[in-house]
Amino acid sequence: MGAIPWGFESPLRHSYPRQRGPICNQDRENMKKKGRVAVLLSGRGSNFEAIYQSSLKQDTNFEIVAVISDKKEARGLKRAEEFNLNAFHISPKEFKPRDVYEKKILEILEAHRVDLVCLAGYMRIVGDTLLSAYGGRVINIHPALLPAFPGLHAQQQALDHGVKVSGCTVHFVDAGVDTGPIILQKAVEVKEGDSEEDLSRRILTGEHRLYSKAITLFFKNRLKINGRKVIISP
Ligand code: GRF
């Protein structure tokens with residue numbers, strides 16, 4: 001497991017005894033520091049942009065320190081460059097097999113002292129190399145109310161199934177596909193005659209709000225994983 005940076009621990013570790021005592025100057029200094037986020041994406045990057053906009057707000061507790069894409073032509077990567085963020089394209093074709101590719105990503109994460117990895121439309125399964133270094137510190141957003149409709153085309157799956165309510169989910173990432181412990185969910189009504197595009201657009205609006213909320217909670221150290229459950233402390 002990689003070194004845990006200064007203030008933010010994996011929620012998986014919260015059950016370990018933690019040092020208590022008076023708040024010293026170093027603690028105060030740490031409290032002011034922002035959580036360091038890396039966004040991994042493959043395409044449009046609207047969630048990345050929403051996270052970025054929210055990171056610019058006053059009193060926000062996180063900042064984006066790296067954006068990594070497996071696709072050179074990803075719109076999200078171009079936007080990251082336009083925002084003058086540290087933007088990287090890592091090609092899975094160039095770095096093979098997957099653990100070599102993920103080691104390359106890990107180098108970037110460690111060089112930028114990343115605390116939390118946010119998958120935002122990242123179209124690859126996260127492997128052992130990343131998960132063992134960043135266990136409990138990788139989160140994802142999915143456009144359905146998990147555990148319903150995991151995987152691709154979640155909105156179309158919801159329409160095909162005839163559900164009346166769908167939505168989005170932010171969850172911790174584990175070795176499965178959209179199976180990790182759920183942090184936050186937002187329900188969205190499915191309307192009569194909705195096309196995949198209609199429903200996707202409405203869910204996406206919810207996604208853009210939900211993701212930053214989850215990141216904020218993470219960096220307030222308010223998330224604790226207990227088996228399948230994520231306990232959100234008050
Ligand atoms: C979103 O619907 C997200 O839930 C899913 O992929 C889509 C990415 O959209 N994982 P964007 O690239 O953030 O615009």
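Student: Does R228 count as buried or exposed, and how many C-beta neighbours lie inside 10 Å?

Tutor: This is a predicted model. R228 sits in the loop between strand 8 and strand 9 (229-232). R228 has 10 C-beta neighbours inside 10 Å, so the residue counts as exposed.

Student: How far apart in space are R228 and G180, C-alpha to C-alpha?

Tutor: In sequence, R228 and G180 are 48 residues apart. In space, the C-alpha to C-alpha separation of R228 and G180 is 7.5 Å.

Student: What share of the contacts in the protein chain with a separation of 6 or more comes from residues 24 or more positions apart?

Tutor: The protein chain has seven helices and nine strands. Of its 234 residues, 37% count as buried. Among contacts with a separation of 6 or more, the share from residues 24 or more positions apart is 68%.

Student: At what angle do helix 2 and helix 7 pack, and what is helix 2 called relative to helix 7?

Tutor: Helix 2 (residues 46-55) and helix 7 (residues 196-219) have their axes 9 Å apart. The angle between them is about 50 degrees.

Student: Is the crossing of helix 2 and helix 7 left-handed or right-handed, and how do the residues of the contact divide by class?

Tutor: Helix 2 passes helix 7 in a right-handed crossing. On the helix 2 side the residues are S46, N47, A50, I51 and S54, and they meet L204, E207, H208, Y211, S212 and I215 in helix 7. By class, the residues of this contact are five nonpolar, five polar and one charged.

Student: Which elements do the buried residues of helix 2 pack against?

Tutor: The buried residues in helix 2 are N47, F48, A50, I51, Y52 and S55. Among these, N47, A50 and I51 also take part in the contact with helix 7. The buried residues pack against strand 1 (35-41), strand 2 (62-69), helix 3 (75-82), strand 4 (116-119), strand 5 (138-142) and helix 7.

Student: Which residues of the shell are closest to the ligand?

Tutor: The ligand is surrounded by 14 residues. By class, they are five nonpolar, seven polar and two charged. Helix 2, strand 5 and helix 7 each supply at least two residues of this shell. The closest are R44, S46, N47, G121 and P143.

Student: N84 has a positive phi although it is not a glycine; is N84 buried or exposed?

Tutor: The phi of N84 is about 60 degrees. N84 lies in the loop between helix 3 and strand 3. With 7 other C-beta atoms within 10 Å, N84 is exposed.

Student: N221 also has a positive phi; how many other C-beta atoms lie within 10 Å of N221?

Tutor: N221 is not a glycine, and its phi is about 55 degrees. N221 is in the loop between helix 7 and strand 8 (223-226). N221 is partly exposed, and the number of other C-beta atoms within 10 Å is 15.

Technical notes:
Residues numbered from 1 in each chain as written. Predicted model: local features only at pLDDT ≥ 70, side-chain atom pairs only at ≥ 80, totals over all residues. Axes fitted to C-alpha atoms, helices over the stretch in contact; angles between N-to-C directions. Helix = DSSP H or I, 4+ residues; strand = E, 2+ residues; numbered from the N terminus. Left-handed = near helix turned anticlockwise from the far one by under 90°. Contact = placed C-beta atoms within 7 Å. Nonpolar A, V, L, I, M, F, W, Y, C, P; charged D, E, K, R; others polar. Buried ≥ 20, exposed ≤ 12 C-beta atoms within 10 Å, placed from the backbone. Near = placed C-beta within 6 Å.
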